[in-house]
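Please open the model in a viewer and keep the selection panel at hand.

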Amino acid sequence: MLDIKFIRNNPEKVKQGCAKKQVKVDIDLLLELDKQRREIMIILDEFRAKKNKASKDIVAAKDKKDKKKIISEMRKIDKQSDKTKKQFQKIEKEYKKLMLLVPNLPFDDVPVGKSDADNKVLQEVGEKIKFDFKNKDYLEIAENLDLIDIKRAAKVSGSRFGYLKNEAVLLEFALVNFVFNTVLKKGFAPVAPPVMIKSEIMEAMGYIATKEDLAERYFFEKDNLFLVGTAEQSIGPMHKDEIFAQKELPKRYVAFSTCFREEAGSYGKDTRGILRVHQFDKIEMFSFCEPEKSKEEHEFFLNLEEKLMKELNLPYQVVKNCSGDMAFPTASQYDIETWIPSENKYRETHSTSNCTDFQARRLNIRYKDSKTQKLEFVHTVNGTAFAIGRTLIAIIENYQQKDGSVLIPKVLQKYIGKNKIG
RNA sequence: GGAGAGGUCGCAUAGUGGCCGAGUGCCCCGUCUUGGAAAGGCGGUAUACCGCAAGGUAUCGAGGGUUCGAAUCCCUCCCUCUCCGCCA
């Protein structure tokens, strides 16, 4: 949520920001509703002030006749104020609805663009392996080594599901341990969060504002619960309605969770294997920090992601997402794309976002400035440590050997107790 | 799933229709005392919105209702706890 005062003072900037983000929302209507609701609010406050005063007069009045007189007057006023109240509630409801449709605005340095095609590559890191044999794609290797079973998953769950088996599972837990050992030193608290969250929480996190977003989510109507698409959606609201002391910040979490995505808008896209599935496990980092430090924290997250990638020795590129490819609550975003030899291209494996105070405002998460003693909204930053499925794909493809086996990345070997699969 | 109890200002509690935005204790902050501290004394201590301001309004889990007036009464929902059942 944006600050209505900011929208009032910078309507053109907000409109431009929405346009850059490819979000259609009627800012003029919003401002008109805002104006109306404030006008009515003043009238309503006057009614209430009158009523409050009358209440005191009733108590103070000694004479019964006086009391009756005041009470009958108040009955009349009540009818008017009820009308005003109804009017106010109607406008307020529309106003709030519209407010929720306004996305976070991109920073000025975010490249303007429509889709991921307009993202800007910042740098390529690591050397793409040149195979001296005909390299295979990960699924073929994984099926040969009995690491991934799509066929049986289709039988049991349908398309876009997969069983991980044998060393793939060991690799998953190795990655989890590797990440935890790395980031716990940086002050992250580990969390295994709920993966079902209330609809109002999903809304506050800014992930069901658009039709596309909504279509992407799994929802249990009878329980009013959404399945999370990322642990971010469960970690952010942990501190809803809370106030941090300044010294507690940055408050960092690293969460392991399963993630659920409908992939409704991707029919026919990446239908093979486990690249794009309805369910996958992911380790996600999240931070609540001071407003002035969120850019720094965002860079820190990107650096951590790169550090993890470098330790796995996987070639990747860093991408600065364009305005149209950023999520609704995001002001600035980087993706890391990892080299997939069989496709001869980089594929998205990581994403880190600075959501500024957009989520904190909706969730009412603040901190007390130790100098001014004032309450301010925190900023939230999130980032992928590893999306397990896609990381497995990258490992299998980049570490494959001529004989069909797969080497295990050095930093993971100690968790598995061997250096090779197959 | 069945039966019951309950949700008040950071915490603990008081408060059963007007004297309650709300008392008390603890915590915290300031201050006095001290070489310094503890103890003690005194004072302070919610947030949001509207307004240039004075000030006004709202908030006792959430939302509705009754009433001139609701923390207090009624309804719905959410959450917590206890016992029973089921269960990893």
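A residue counts as buried if 20 or more other C-beta atoms lie within 10 Å of its own. This criterion applies to the model shown, which is a predicted one.

Select helix H7, residues 167-183. Its buried residues are Glu167, Ala168, Leu171, Ala174, Leu175, Phe178, Val179 and Val183. These residues lie on the same side of H7, because they cover an arc of only 140° around the axis.

Next, select Tyr346, which is placed in strand E13 (residues 345-354). Is Tyr346 buried or exposed? Tyr346 is buried, because 21 other C-beta atoms lie within 10 Å. Leaving aside residues up to four places away in sequence, Tyr346 touches Tyr316, Gln317, Glu337, Thr338 and Trp339.

Now colour chain A by its domain assignment, with domain 1 at 4-99 and domain 2 at 116-421. The centres of the two domains, taken over C-alpha atoms, are 43 Å apart.

Finally, display RNA strand B and the 17 residues around it, of which Arg48, Ala49, Asn52, Ser55 and Met74 come nearest. Helices H3 (27-60) and H4 (64-99) each give two or more residues to this surface, and H3 supplies the largest share, 12 residues. By class, the surface near RNA strand B comprises 9 nonpolar, 2 polar and 6 charged residues.

Definitions and conventions
Residues numbered from 1 in each chain as written. Chains lettered and ligands numbered in written order. Predicted model: local features only at pLDDT ≥ 70, side-chain atom pairs only at ≥ 80, totals over all residues. Near = placed C-beta within 6 Å. Helix = DSSP H or I, 4+ residues; strand = E, 2+ residues; numbered from the N terminus. Nonpolar A, V, L, I, M, F, W, Y, C, P; charged D, E, K, R; others polar. Domains from an automatic or database assignment. Expected span 1.5 Å × (residues − 1). Buried ≥ 20, exposed ≤ 12 C-beta atoms within 10 Å, placed from the backbone. Arc of directions from axis to C-beta. Contact = placed C-beta atoms within 7 Å.
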